[in-house]
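Trainee: I have a new model open and want to go through it with you. Can we start with pockets and then look at a few contacts?

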Amino acid sequence: MKVYPMCRLAVVGSTGNWDFVRKNCYPILSKIHFTGALSPEEVDKWYQIADIELLSSYTEQCSYVRLG
């Protein structure tokens, strides 16, 4: 298994289930950045610096992934 110690996860937007996040992500919370709600311009800046994007959807059966 490969390990990427410099890898970070940015969660852009609101996170509604903090209990789930704390319980399931506790070992790696220092590697996760939560932005909260952002303006479309700020979201675009995050898209520009991301190497991998995962756009989750509550209405579609699968998410969209882009490798940068």
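**Pocket and contacts**

Mentor: The largest pocket holds about 1,000 Å³ of space. Keep in mind that this is a predicted model.

Trainee: Which residues are closest to the centre of the largest pocket?

Mentor: Leu-9, Ala-10, Val-11, Val-12 and Leu-54 are the closest to its centre, out of 23 residues that line the pocket.

Trainee: And which elements give two or more residues to the lining?

Mentor: Those are β1 (9–12), α2 (40–49) and β3 (52–55).

Trainee: How does the lining split by class?

Mentor: The lining of the largest pocket has 14 nonpolar residues, six polar ones and three charged ones.

Trainee: OK, contacts now. Where does Gly-13 lie?

Mentor: Gly-13 is in the loop between β1 and α1.

Trainee: Is Gly-13 buried or exposed?

Mentor: Its relative accessibility is 17%, and the cut-off for buried is under 20%, so Gly-13 counts as buried.

Trainee: What is Gly-13 in contact with, leaving aside neighbours within four places in sequence?

Mentor: With that exclusion, Gly-13 is in contact with Thr-35, Gly-36 and Ala-37. For Ala-37, the C-alpha atom is 4.3 Å from that of Gly-13, although the two residues are 24 apart along the chain.

Trainee: Take Thr-35 from that list. Which strand is Thr-35 in?

Mentor: Thr-35 sits in strand β2, which covers residues 32–36. A polar atom of the Thr-35 side chain lies 3.4 Å from the backbone nitrogen of Gly-13.

Trainee: What else is Thr-35 in contact with?

Mentor: Leaving aside neighbours within four places in sequence, Thr-35 is in contact with Val-11, Val-12 and Trp-46 as well as Gly-13.

Trainee: Switching topic: how many salt bridges does the count come to?

Mentor: The count comes to one salt bridge. Asp-19 forms it with Arg-22, and the closest N and O atoms are 2.8 Å apart.

Trainee: How are Asp-19 and Arg-22 placed in helix α1?

Mentor: Helix α1 spans residues 18–25, and the two are three residues apart in it, so about one helical turn separates them.

How values were computed
Residues are numbered from 1 along each chain as its sequence is written. This is a predicted model: local features need pLDDT of at least 70, side-chain atom pairs count only at pLDDT 80 or more; totals for chains, interfaces and linings use all residues. Side-chain values use heavy atoms; hydrogens and water are left out. On a 1 Å grid over the protein atoms alone, a cavity is a set of points where a 1.4 Å probe fits but cannot get out, and a pocket is an open set with protein on both sides within 12 Å along at least five of seven lines; lining residues have an atom within 4 Å of a point. Grid points are joined across faces, edges and corners, and a volume is the space filled by probe spheres set on the points. Helices (H or I, at least four residues) and strands (E, at least two) are DSSP runs, numbered from the N terminus. Ala, Val, Leu, Ile, Met, Phe, Trp, Tyr, Cys and Pro count as nonpolar, Asp, Glu, Lys and Arg as charged, and the others, Gly among them, as polar. A polar contact is a pair of N or O atoms within 3.5 Å; within protein, one must be able to donate a hydrogen and the other to accept it, and residues adjacent in sequence count only if both atoms are side-chain atoms. Contact means heavy atoms within 4.5 Å. A salt bridge is a side-chain nitrogen of Lys or Arg within 4 Å of a carboxyl oxygen of Asp or Glu. Buried means under 20% relative accessible area, exposed over 50%, partly exposed in between (1.4 Å probe, protein chains only).
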